[in-house]
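Hi,

Here is the model I promised to pass on. Have a look at it first, and then read my notes below.

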Amino acid sequence: MRLLGLDYGTKTVGVALSDPLGVTAQPVETITRKSPNKLRKTLARIETLIAENDVEKIILGYPKNMNNTVGDRAEDAVSFKEHLERRTGLPVVLWDERLTTMESERILMSGGVRRENRKAVIDQLAASIILQSYMDAEGTGMKNE
């Protein structure tokens with residue numbers, strides 16, 4: 001069973017996939033939108049990735065505030081979750097993504113990636129951190145929905 005991890009933002013969606021055994025998450029791509037309200041092409045690309053990779057479940061980053069409250073970005077993620085479920089018919093799990101972008105930035109900086117090159121991969125790295133966190137917790141029987 002392969003899992004698809006998504007880091008949903010206003011202009012981009014970072015994408016990651018699990019390996020076929022569901023052990024590791026790998027960054028795949030960043031989907032870019034011209035407008036925050038234009039989801040048709042984004043959803044179509046995600047559907048293509050699902051079909052090409054035999055995905056059975058989607059893990060979507062849930063950007064709660066640091067004090068554990070739900071803000072506008074988290075509400076947008078819930079709306080995107082509903083779009084995904086309708087379009088794909090797959091279960092979509094909301095997964096706490098607090099600090100994943102900061103962790104991605106730290107990883108890229110420590111790897112010597114130049115600032116101008118980080119933007120191209122930071123969302124997909126964040127998606128892989130979200131997905132890996134989910135898989136690690138699932139493996140220990142922990143839930144975070």
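**Charged side chains**

There are 4 salt bridges in this structure, a salt bridge being a side-chain nitrogen of Lys or Arg within 4 Å of a carboxyl oxygen of Asp or Glu. Before we go on, keep in mind that this is a predicted model, in which local features need pLDDT of at least 70, side-chain atom pairs count only at pLDDT 80 or more, and totals for chains, interfaces and linings use all residues. Residues are numbered from 1 along each chain as its sequence is written, and side-chain values use heavy atoms, with hydrogens and water left out.

One of the salt bridges joins E29 and R45, at 2.7 Å from N to O. This pair links distant parts of the chain: E29 is in strand β3 (residues 25-32) and R45 is in helix α1 (residues 40-53), 16 residues apart. Helices (H or I, at least four residues) and strands (E, at least two) are DSSP runs, numbered from the N terminus. E29 is buried, with a relative accessible area of 18%, while R45 is partly exposed at 29%. (Buried means under 20% relative accessible area, exposed over 50%, and partly exposed in between, with a 1.4 Å probe and protein chains only.)

Another salt bridge is between E47 and R87, whose closest N and O atoms are 2.7 Å apart. Distant parts of the chain are linked here too, as E47 belongs to helix α1 and R87 to helix α2 (residues 72-88), 40 residues apart. E47 is partly exposed at 26% relative accessibility, and R87 is partly exposed at 35%.

K81 and E85 also meet in a salt bridge, at 2.8 Å from N to O. How far apart are K81 and E85 in helix α2? They are 4 residues apart, so about one helical turn separates them. E85 is partly exposed, with a relative accessible area of 29%.

**A loop residue to look at**

Now click on D54, in the loop between α1 and β4 (55-62). D54 has a positive phi of about 55° although it is not a glycine. Is D54 buried or exposed? At 56% relative accessibility, D54 counts as exposed.

For comparison, K34 sits in the loop between β3 and α1, and K34 is exposed at 88% relative accessibility.

Cheers
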